[in-house]
Every structure is written in structure tokens, then in C-alpha cells.
Amino acid sequence: MANQEIFDKLRDAIVSQNIAGTAQLCKEALAAGIPALDIITKGLSVGMKIVGDKFEAAEIFLPQIMMSGKAMSNAMEVLTPELEKSKKEGEEAGLAITFVAEGDIHDIGHRLVTTMLGANGFQIVDMGVDVLNEDVVEEAAKHKGEKVLLVGSALMTTSMLGQKDLMDRLREEDLRDSVKCMFGGAPVSDKWISEIGADATAENAAEAAKVALEVMK
């Protein structure tokens, strides 16, 4: 089976919420010699992007998102050990504080980005889902003086709006200059990042890791 055919099957398994099938396809892809990173970026992430777009367009709803998320979780259980093996050694890239915005419990992309950042040399503080902005600010304050990257995600437009409030709070607490801020999720755009005065966004988890390393240089 050609690699692209495997990637297409992985994509379709995520979109169709095939929980058991997704993990099995990941095992088959690894056995075929495909790197875990390619399985994620060229197969699974493509499927998750489609799922996110469908949710934003109200073509699917929360139960389907949760099922696709479960399929993604099963896939990551297979792939994370492989990513750990290829983890970059050497100087730490910095500390990444990752979280899902207040009012949002969609953690699929968040978990994927957190895994990818860890595989690329970042120390991780994973704050989980539905995180209050004041808690993010408090966590950032604990690490003032360190190389810190805040990585927030939001799948819904309503929760995305809280990112502006977070940026305002960081400025009020005199923390903005001591942290880099990166946000992602279906509704987040370059225009929004510029509007709120953040540093970066990324299309997918693999790109997020590359952008994060660039931002922290």
C-alpha cells in the first residue's frame, strides 16, 4: 500500500469516528516504516482539520467531535512512544504552558500540540481544559525570568474571544514582555493574532512545534 493511501485511510478513520480502526491503522503505518510524525501530520491532523471545519460549519456536533477525539486519543497512545524515541536531545527549547481556553473542553488539538512540543525539546506544564485566564497569568508569573511560551487553544469562537482578555491581563500584570504567546484552533487566524497582539498561530500540531521553536529563538 502506498504511503498516501495509508494517510488517506487515517484521515477517513478520524472523520468517520472509527475508534478501533484508527489505532490499528497507526500500527500498520508504523510497521510499514512510516515515521510517527508523518502519520500525524499527513494523516490524522488532516482528518482533525476536516472535523474542526465541519464543527465550525455546524455540519457535525459535539458527540461526533468527542468520538473523533477518542479515535485521535487511541492513535496517540500508539504513536507517543515512537515520538518519545525521536525526541530531540540537547538544550531545552523553553517551557511551554499549554491550556484550552475557559469554556472550552475540546482537548484533541491541545493534546496533540502538547505532545509535539514535548517531542521538540520543550518542558511542558499542561494546565488541561476550561482554564481560567487568571490561572494562566498566575502560572506565567511563577516562571518569570525563564524562557516561557504560552500555548492556548480554542475550538469555538466564543472561547477564542477570551484570548484577547488574556493578552490584556498579561500586560496589566507586567508579564507580556517576559512570555511569548501562541494560540491555535479552528477559528484562530493570523489577523486575530495581530489584533490581540500575540506572537503566532499555526495550522496544525507539527507546524505549531516548528513555529514555537522559531518564536523562542
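Student: In this predicted model, which residue forms a salt bridge with Arg169, the closest N and O atoms being 2.9 Å apart?

Tutor: Arg169 lies in helix α8, residues 162-172. A salt bridge requires a side-chain nitrogen of Lys or Arg within 4 Å of a carboxyl oxygen of Asp or Glu, and the 2.9 Å contact of Arg169 is with Asp165.

Student: Is Asp165 buried, partly exposed or exposed?

Tutor: Buried means under 20% relative accessible area and exposed means over 50%. Asp165 has a relative accessibility of 33%, so it counts as partly exposed.

Student: With which residue does the side chain of Lys217 meet in a salt bridge?

Tutor: Lys217 is exposed, since its relative accessible area is 77%. Its side chain takes part in a salt bridge of 3.2 Å, N to O, and the partner is Glu214.

Student: Which residues do salt bridges that share partners join into one network?

Tutor: The count of salt bridges in the model comes to twelve. Through shared partners, salt bridges join into one network the residues Asp8, Arg11 and Asp12.

Student: Which helix holds Glu134, and which residues gather with Glu134 in a patch of negative charge?

Tutor: Glu134 is partly exposed, because its relative accessible area is 44%. Helix α6, residues 133-142, holds Glu134. The residues that gather with Glu134 in the surface patch of negative charge are Glu102, Asp130, Asp135 and Glu138.

Student: Where does Gln17 lie?

Tutor: Gln17 has a positive phi of about 60° although it is not a glycine. Its relative accessible area is 24%, so Gln17 is partly exposed. Gln17 lies in the loop between α1 (3-15) and α2.

Student: How much accessible area do Leu62, Met66, Ile105 and Val129 have together?

Tutor: Met66 has its place in helix α4, residues 62-85. Met66 counts as partly exposed, because its relative accessibility is 46%. Leu62, Met66, Ile105 and Val129 form a nonpolar patch on the surface, and their accessible area together is about 320 Å².

Student: Which residue in β4 stands opposite Leu149?

Tutor: Strand β3 (residues 148-153) and β4 run parallel and are joined by six bridges. Strand β4, residues 179-184, is mostly covered, with five of its six residues buried. The residue in β4 opposite Leu149 is Lys180.

Student: How far apart in space are Pro35 and Leu83, C-alpha to C-alpha?

Tutor: Pro35 lies in the loop between α2 (19-31) and α3 (36-56). Pro35 is partly exposed, since its relative accessible area is 46%. Pro35 and Leu83 are 48 residues apart in sequence, while their C-alpha to C-alpha separation in space is 8.7 Å.

Notes:
Residues numbered from 1 in each chain as written. Predicted model: local features only at pLDDT ≥ 70, side-chain atom pairs only at ≥ 80, totals over all residues. Heavy atoms only, no water. Patch = residues over 30% accessible without salt bridge, like charges linked within 9 Å, V, L, I, M, F, W, Y side chains within 5 Å. Areas by Shrake-Rupley, 256 points an atom, 1.4 Å probe, with all protein chains shown as cover. Lys, Arg positive; Asp, Glu negative; His and termini not counted. Charge placed at Lys NZ, Arg CZ, Asp CG, Glu CD. Helix = DSSP H or I, 4+ residues; strand = E, 2+ residues; numbered from the N terminus. Buried < 20%, exposed > 50% of the residue type's maximum accessible area, 1.4 Å probe, protein only. Pairing = 2+ DSSP bridges.
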